[in-house]
Amino acid sequence: MELKGFIRSDGKIGIRNLYLLIGVCDAVEGILKHISTPFEDVIFVTSEHGCPAAGNEQVVNNLAGLADNPNIAGVVMISMGCEGVRPETVREKMTSHKPVSILKVTEIGGSTRTIRKAQEIIKDMKDQNASLKREPFDVSQLVVGLKCGGSDTTSGIAGNPSVGSAMDRFIDMSGTAIFTEPIECIGGEEALIRRAVNEKVAQDIKHTLAREEKRWTIPGVELEFMCIGNVAGGLTTIEEKSLGAIHKSGSRKIAGVLEYSEKMIEKPGQPGMYLQDGTMLHSHCITHLAAAGCQMLIFITGNGAPVGSRMMPTITVCGNPLSYEKLKDDMDINAGQIITGAKTVEQVGEIILNKIFSVANGEQPKTEGISYSGFSIYRRDPRLECLLFGKKS
Amino acid sequence: MDFSDKRAFKMHPDDNVATCLSDISCPGEEVQIVNIDGTISRQVRSKSAIPFGNKISLGCLNAGDPVYKYGHCIGGASRSIDQGEWVHIHNLESRRIPIPEGRLKTMIAMLNLPEMSIRE
C-alpha cells in the first residue's frame, strides 16, 4: 500500500497535522486551556513538575521531544517569564525545524492578551499550512510505538502475539517500532537478549533491565507489579506477565536500546525494533514514545481499556473476545478471534499491518481525538539515581 | 466464557501449564490441550473449577518445582500441585518479585481461590 503523509522541513513525515501548545510550568495551564478551546487540532501539555531547571532535565527533554514529534506542524510555548525551565531551553533542545513561537505572560501584559496573541499565531501557522498536501513516503520513515495495558491472559496468547506477527512483517519491510516497559521484561531477559543484533546491544539490554529492576526492588519497600486486574484476568507472576508482554515486539532482531535519561530521549536511527529504557506506566509511556518520535501507537489490551494518545493516532487491539464485544466502539482490532478459534495469529497480524498503513494515510482509529493528551512523565528522581548508581561523571 | 469444547492453549512443548480458553465449571471435566498450531496434544481431567484465562496444571508438581509457560520459567510452585489443578497465586509464586504478602491475601480473598496460600 502506498503511504502518504505530510513532509516536514527536516524530512520527517507527519501522519497528522496537529499544533502543540507547551506550558513550561503548570502556572500557565488555565491560559493554555483557553487558547486551545476553539481549535480541534491544538493539543496542550503542561509540565507539572515545577519551574526549577536543575533536576528537571527529563521534563525539558520530554517537552522538546513532543515539540519535535513529526505529527506536530507548529509549536507555541507559553511561560510566565520567570521560570527556571525557560522556553528557550526547550527550543534549543529541539532537533526539528518547525515554526516555534514563545510568549511570556508577564511581558505581553497578562492572560487575556496572551490568549489572543497565541490564537492569532496558531491561525497564522494553520494558514501557512493550508495548502499542505499528503505526499508519498517510504515505510522506513514510519515509527510505531507499542504499549500493552489492562492485560489479562489473552494478552500473551492473542493480543500481543498478533501485534508481534504484524511487527515481524513491518520490520521486514524496513519499518521502525519501539517497545518499552523494561520492568515488564523481568523474567523475559533471556528471550530478549538472544534477539540482540550484536553483543553491544545484548549488553545494553541486560544492563537496562538490571538497572530498572534495582530501582523498583529496594528492600523494605513494597511495590505492586501485578495489579488486581491482571490477577483477576488469570496472570499470576511478573515473569508470566513479562513473557506475554514482550510478544508484542515480535521475533526479529532488536536493533538497540533507546536511552531515556536526564541527558536525552534517544530517537531510533536505522529502521528496526527498539527497546526504550522507559516505563510501564501507561500515560508516561505514551509521552515518552511520542517524544521519541513515534507517529502512531498500537495499544494492546485484554480488559478493553481504551488507552490512546491524542498526538499519536492509536490502534487498539483487544485479545479478549468478551471485552471486544463490550467495548467495540473503542476497539479497532478483534484479536479475540484467536481465542474463539475463528482466526490465526498470522491472520490477525495481517489485519493489523493493513490497519497501520490505512491509519498512516489518514483513516481515524476509533479513539482518535478522544485520547490522552497530558504530560505525565517517568521522572526518575535524581536523588535516588545518585544513591543507587553513584554520581554521574 | 464458553466456546463449545473445553480447550486450553499450551504455548510451548516444554510447558507444564496450559491456559484455559473457556470456563471449566467443575472438577472432572475433560480439557483438550491444544498446541499453538491448533493440533490437540492430549486431554487432562480438571481437579477443580478453573475460570477462563487461568492455568491448568499438566502434571504433578512438588513445592519449589519450576512452572513453565511460553517455554520459560514463570515462577515456582509454592506448594504441591496435582495434574488438572488450577494454577494461580495461591500455589505459584514469582521467583523474581513476589506479590507483597498483604496484597496477596486481599487478592486471594477477592478471587475466591480454593485455598489460602501457605507461603512461609
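Colleague: Which residue in S9(B) is the bridge partner of B:Ala77?

Modeller: In this predicted model, B:Ala77 has B:Leu92 as its bridge partner in S9(B).

Colleague: What makes S7(B) and S9(B) a pair of strands?

Modeller: Pairing requires at least two bridges. Two bridges join S7(B) to S9(B), so these strands count as paired. They run antiparallel. Both belong to an open sheet of three strands in chain B, with the order S6-S7-S9.

Colleague: Why are S6 (66–69) and S9 (92–93) of chain B called edge strands?

Modeller: Each of these two strands pairs on one side only.

Colleague: How do you know whether H6(A) and H10(A) are roughly parallel or roughly antiparallel?

Modeller: Helix H6 (residues 153–172) of chain A packs against H10(A) at an angle of about 15°. Angles under 35 degrees count as roughly parallel, and therefore H6(A) and H10(A) are roughly parallel to each other. Their axes are 8 Å apart, and the crossing is right-handed.

Colleague: Which residues meet there, in H6(A) and H10(A)?

Modeller: From H6(A) come A:Ser155, A:Gly156 and A:Asn160, which meet A:Leu243, A:Gly244 and A:Ala245 of H10(A). This contact has two nonpolar, four polar and no charged residues.

Key. Residues are numbered from 1 along each chain as its sequence is written. Chains are lettered from A and ligands numbered from 1 in the order in which they are written. This is a predicted model: local features need pLDDT of at least 70, side-chain atom pairs count only at pLDDT 80 or more; totals for chains, interfaces and linings use all residues. Helices (H or I, at least four residues) and strands (E, at least two) are DSSP runs, numbered from the N terminus. Axes are lines fitted to C-alpha atoms, for helices over the stretch in contact, and angles run from 0 to 180 degrees between N-to-C directions. Angles under 35 degrees count as roughly parallel, over 145 as roughly antiparallel, 65 to 115 as roughly perpendicular and the rest as oblique. A crossing is left-handed if the near helix is turned anticlockwise from the far one by less than a right angle, and right-handed if clockwise. Two residues are in contact if their C-beta atoms, placed from the backbone, lie within 7 Å. Ala, Val, Leu, Ile, Met, Phe, Trp, Tyr, Cys and Pro count as nonpolar, Asp, Glu, Lys and Arg as charged, and the others, Gly among them, as polar.
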